[in-house]
Amino acid sequence: MIKNLVAIFLAAILTENYVLNKFLGICPFLGVSKKLNTATGMSVAVTFVMVIATAVTWPIYMYLLVPNQLEYLQTIVFILIIAALVQLIEIALRKFMPPLYNALGIYLPLITTNCAVLGVTMLVIEKGAADPTFGYVQSLVNAFGSGIGFMVAMVLFAGVRERLETNDIPKFLKGLPITLIAASLVAVSFLGFQGLVDGLLG
Amino acid sequence: MNQLWIPIVIVAVIGLIAGLGLAIASILMAVPKDEKAEDIEAMLPGANCGACGYSGCSGYAKALAHGEAQPGLCAPGGAEVAKMVSQYLGLADVDVEAKVAVVHCLGSYDNTSDKMEYEGIQTCAAAAQLAGGVSSCRYGCMGLGDCVRSCAYGAIDVCNGVAHVEPSRCKGCSMCVKACPKQLISLVPLKKQAVVRCDNCDKGAMTNKVCKVGCIGCMKCQKVCEAGAVKVEHFHATVDPEKCIGCGKCVEACPRHCLTMMEHLQA
């Protein structure tokens, strides 16, 4: 059981990285990765929301939508729930944890419509449909791992971008073009992790 | 019919619950806002320069509202903002002396030279790590523009290898003072007075080797000063702005032309 969970966690970070392997959440990946501290702040917020969103959407899907044969409403219901949830978290954080609110402040509302969050909530259900042992706990671990994977990608790429700043880049590649090239190279390097988790724990 | 109604009801109910939940949460967990601090923040210039010593304008406004800070610390806002804030808080007016930043170096390429061809990271902070900096004068301006980048008002230029502050644009926020690794920039009161445009504390002969306009500590300025404002210590003249009467005698006496009158700083 524990081994299984560790495998899911590692796979979510390395082989199924949402940014570098599934290409979800590219917008914050390119937008907020300019500095290391903002990248970390954003990733912590994303991880937080991913886990809580999965914790709420999974039961709603399984116990409300499936019995009524309303699987097709998945997207709209999930977006509604995620948006409301993020708002609620924001209000609660402002009241009870002002330091955390100040640290995450601007990033929280940005996450409401982050496709990586929606992607996690929907893909864990897809996985659960394919593999009956993939239940609620596994989904939560997967969501947490995906968030950490997002953080790994963000922090790695923030480092790459800080290097890019001091480099002499040809004029036609300055700005976004070189950033996209660098992002693709980082993504290719992550392909090297394919099979690693199965090899380690299988 | 049910096929149509059940999804509509479910989504509507989820939306309603979410909306109501948020409404209730926002009432239950409302954070009382500090109106005083918000009013004061609206008066401040919003430059977030940090000259007051607080974390941006909102930090200073908060400290003012709680009575922890005095009005008049805001350099970009100057006397006007200080007056507004002290009126709002019901405090006595504070006199704010306008100050501008002055670069204490005249080491342009005409007057001094570089001791190396520097191709490293193009910041003063990085260059200063390497054998005491690019300039052959170890006290002098390296002209790589850390101060230019720190200035939010575009008041600083690096021209011919030496930084220059345009006094009419300078708000006295002191960001450049902190940015300069050679501590060449200081804030001086904006009034008629003499300023020393050199920071070199080496002996005269050594200064003479590296710079045509460096202060050699010849004491001529100190001798002609009737107000006792000019002092030469460590082979380097300094002017005390409080004592300086702006007569200009030291400027005339200086054989190295590194003393300038404040009003001649405008480029």
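Predicted model: local features only at pLDDT ≥ 70, side-chain atom pairs only at ≥ 80, totals over all residues.
Me: Where do I start with two packed helices?

Reply: Two packed helices are described by the angle between their axes and the distance between the axes. Take helix α3 (residues 36-65) of chain A and helix α7 (residues 115-130) of chain A. They pack at an angle of about 40 degrees, with their axes 9 Å apart.

Me: How are α3(A) and α7(A) oriented to each other?

Reply: Angles under 35 degrees count as roughly parallel, and 65 to 115 as roughly perpendicular. The angle here is about 40 degrees. α3(A) and α7(A) are therefore oblique to each other. The crossing of α3(A) past α7(A) is right-handed.

Me: Which residues of α3(A) and α7(A) meet?

Reply: From α3(A), look for Val46(A), Val49(A), Met50(A), Ala53(A), Thr54(A), Thr57(A), Trp58(A) and Tyr61(A). They meet Ala116(A), Val117(A), Val120(A), Thr121(A), Val124(A) and Ile125(A) in α7(A). The residues of this contact divide into 11 nonpolar, three polar and no charged.

Me: How many residues does each chain bring to the contact between chain A and chain B?

Reply: Chain A gives 16 residues, and chain B gives 14 residues. On the side of chain B that touches chain A, 11 are nonpolar, three are polar and none is charged.

Me: Now strands. In which sense do β6 and β7 of chain B pair?

Reply: Strand β6 (residues 230-233) and strand β7 (residues 236-239) of chain B pair in the antiparallel sense, over four bridges. Find Glu233(B): opposite this residue stands His236(B) in β7(B). The hairpin has two residues between the strands.

Me: What should I check about phi?

Reply: Most residues other than glycine have a negative phi. Look for exceptions. In the hairpin of β6(B) and β7(B), His234(B) takes a positive phi near 55 degrees. Ser174(B) has a positive phi too, near 70 degrees. For Met219(B), phi is positive and near 75 degrees.

Me: Where do Ser174(B) and Met219(B) lie?

Reply: Ser174(B) is in the loop between β3 (162-165) and α7 (175-179) of chain B. Met219(B) is in the loop between α8 (204-210) and α9 (220-224) of chain B.

Me: Is Ser174(B) buried or exposed?

Reply: Count the other C-beta atoms within 10 Å; a residue is buried at 20 or more and exposed at 12 or fewer. Ser174(B) has 20, so Ser174(B) is buried.

Me: And what does the count say for Met219(B)?

Reply: Met219(B) has 14 other C-beta atoms within 10 Å, so Met219(B) is partly exposed.

Conventions:
Residues numbered from 1 in each chain as written. Chains lettered and ligands numbered in written order. Contact = placed C-beta atoms within 7 Å. Nonpolar A, V, L, I, M, F, W, Y, C, P; charged D, E, K, R; others polar. Pairing = 2+ DSSP bridges. Axes fitted to C-alpha atoms, helices over the stretch in contact; angles between N-to-C directions. Parallel < 35°, antiparallel > 145°, perpendicular 65-115°, else oblique. Left-handed = near helix turned anticlockwise from the far one by under 90°.
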